[in-house]
Amino acid sequence: MKTVCIIGLGYVGLPTAAVAASRGWRVFGVDTNPQHVDTVNDGRIPIVEPDLDGLVRKVVADGALTAHAAPQQADLFVIAVPTPLTADRRPMLDHVFDAARALAPALRPGNTVILESTSPVGTTHALRDLLAGLRPDLGMPGRAARPDIALAYCPERVLPGRVITELVENDRCVGGVTAACAEAGAAFYESFARGEVLRTDAATAELVKLTENAFRDVNIAFANEISMVAARAGVDVWSLIRLANRHPRVNILQPGPGVGGHCVAVDPWFIVDAAPEEARLIRTAREVNDHKAVHVRGLVHAAARAMPGAPITCFGLAFKADVDDLRESPALEIARQLADDFPGGVAVVEPHVARPPPGLAAPLLGLEEGLQRPGIFVLLVDHAAFRRTPLVRLKGRHVIDTRGIWTAR
Ligand code: SAJ
C-alpha cells in the first residue's frame, strides 16, 4: 500500500487526505494545531464543508487516515499550509518552509514532495534548496545527476462548498522541478482525479494558480465598477448586466459588497509584489474591489442621514453565500464599521454563525428577529435563507441590496 503524508489539515489538506484515503492510499495527516489532530483522529472535522464529515468518519474508522503532530515516513509528501499576506501585502511563506524543515528528517530516497500552497514563482525551487541544505545526503532534482527526491508544485483549485466534487472532477496542473518530477507528482493526482492531470514546469504551475484567482478578481472588479457607474446614472445594475450578458461575447459576473475569502482577495497581491510595474490592472482591480465596501458604507450613511435614528440591520457576514467562513469578508468589515459609526444602532443577522465575531459591536439576531426591525436593511450576502425571504417582509424598509436578491428588477 502506498503512503502519503499530508502536512496541513485545513480547507485543502484535509479533503485531499480524505479523498486519497478513500482511494487506496494510507494517509498520515499532520497539523501543528493539536485540536485539529484530535478532532480528525475522532473521525470529526474542524471545518464546515459538505460531504467531508462522512468521508473523514469512514476513512478514520477504516484506519486509512490517522492524524499526527509531526510528519511520518511515507512515499509522498504534500504540503498544504496557508501562505497569507504580511501587513505590507507580501507573501508570507514561513509555514511552507516550517513544513519543509519538519518533513526533512523523514525523507528517504525515492520520495516525492508536492507543494500545493499558493506561492509566488520560485518557491518550489527555494523549497528544493532548503531541503538540499537540510539533507545533503540526498540528491536533489536539477542539482544531482541522479536525484533521490522528486519535487513538484500542484495548485489546489477547489471551490469552498464544492471541495469533494471538485477535488475529483477538476483538471490539475503539476509543475515539476524536472520533467521526471512532474511525472512523479502527476501519479498521485491520477490515482484519484477524474479530471485531466496536465504536466508543466514548476514556475508555470506557480503562476497558473495566481493567474486564475487574479483573473476572477479582475472580472469581479469590472462588475463592481459597473455597479457604481450604474448607480450614478440611476440605472438598475442587475437588469443592465442581465441585458448586456445577452450579447454572445459578454459574460459579466455579479457585483457584491467587495471581494472576500482567503484566495481571490489575497493572491493577486502576490503578482503585484513580484511585478509591481507590470501588474497595473491587477492592482487596480484589487483597489476597485476594496473600494466597493467603502461605497456601500457611504450608501448606508446617506440613508441614515435621510432617516435620522433609524435602526440599521445587516444581513450576512460571511465572505460568500452559504458558507460560514468570515475570512477577509467585506460583509463583516462593513458591519464592523457601521457598528462603530452608529453605536447601538446596528444589529446583524448571520444564520451560519452561532455568536458575533470578535470586534463586532452589534448583536447577532435570528433572521425572523432581524426582519422585524424597522429602518434600514443592508443585504450583504446572498445566503439561500435570505433569497427565500418573501419581499413583502421588506415593506416600509429602506433596502440597500448589494447582491441583487431583494431589489433586482
Ligand atoms: N464574488 C462576487 N461576484 C461573483 C463571484 C464571486 O462578488 O460573481 C465574490 C464572492 O462573494 C467572494 C469572492 O468573490 O467574496 C470570492 O468567491 P469565489 O466564489 O469567486 O471564489 P473562492 O474564494 O470561494 O474560491 C476561489 C476559486 N478560484 C477561482 O474560481 C478562479 C477556487 O477555484 C480556488 O480554489 C480558491 O479561490 C482558492 O483556494 O484559491
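1. Trp25, Phe188, Tyr189 and Phe192 are linked into a cluster by ring pairs. Rings of Phe, Tyr and Trp (its six-membered ring) pair if their centres lie within 6.5 Å. The model is predicted: local features need pLDDT of at least 70, side-chain atom pairs count only at pLDDT 80 or more, and totals for chains, interfaces and linings use all residues. Residues are numbered from 1 along each chain as its sequence is written, and side-chain values use heavy atoms, leaving out hydrogens and water.

2. The whole structure holds nine aromatic pairs. Phe188 and Phe192 form an edge-to-face pair, 5.2 Å centre to centre with 80° between the planes. Planes under 30 degrees apart count as stacked, over 60 as edge-to-face and the rest as tilted. Both Phe188 and Phe192 are buried (under 20% relative accessible area; exposed is over 50%, partly exposed in between; 1.4 Å probe, protein chains only).

3. Helix H8 (residues 202-233) packs on helix H11 (residues 280-306) at about 45°, with the axes 8 Å apart. Helices are DSSP runs (H or I, at least four residues), numbered from the N terminus. Axes are lines fitted to C-alpha atoms over the stretch in contact, and angles run from 0 to 180 degrees between N-to-C directions. H8 is therefore oblique to H11 (under 35 degrees is roughly parallel, over 145 roughly antiparallel, 65 to 115 roughly perpendicular, the rest oblique).

4. Gly133 sits in helix H5 (residues 123-134). Gly133 counts as exposed because its relative accessibility is 59%. Its C-alpha atom is 9.8 Å from that of Ala104, 29 residues apart along the chain.

Methods: Helices (H or I, at least four residues) and strands (E, at least two) are DSSP runs, numbered from the N terminus.
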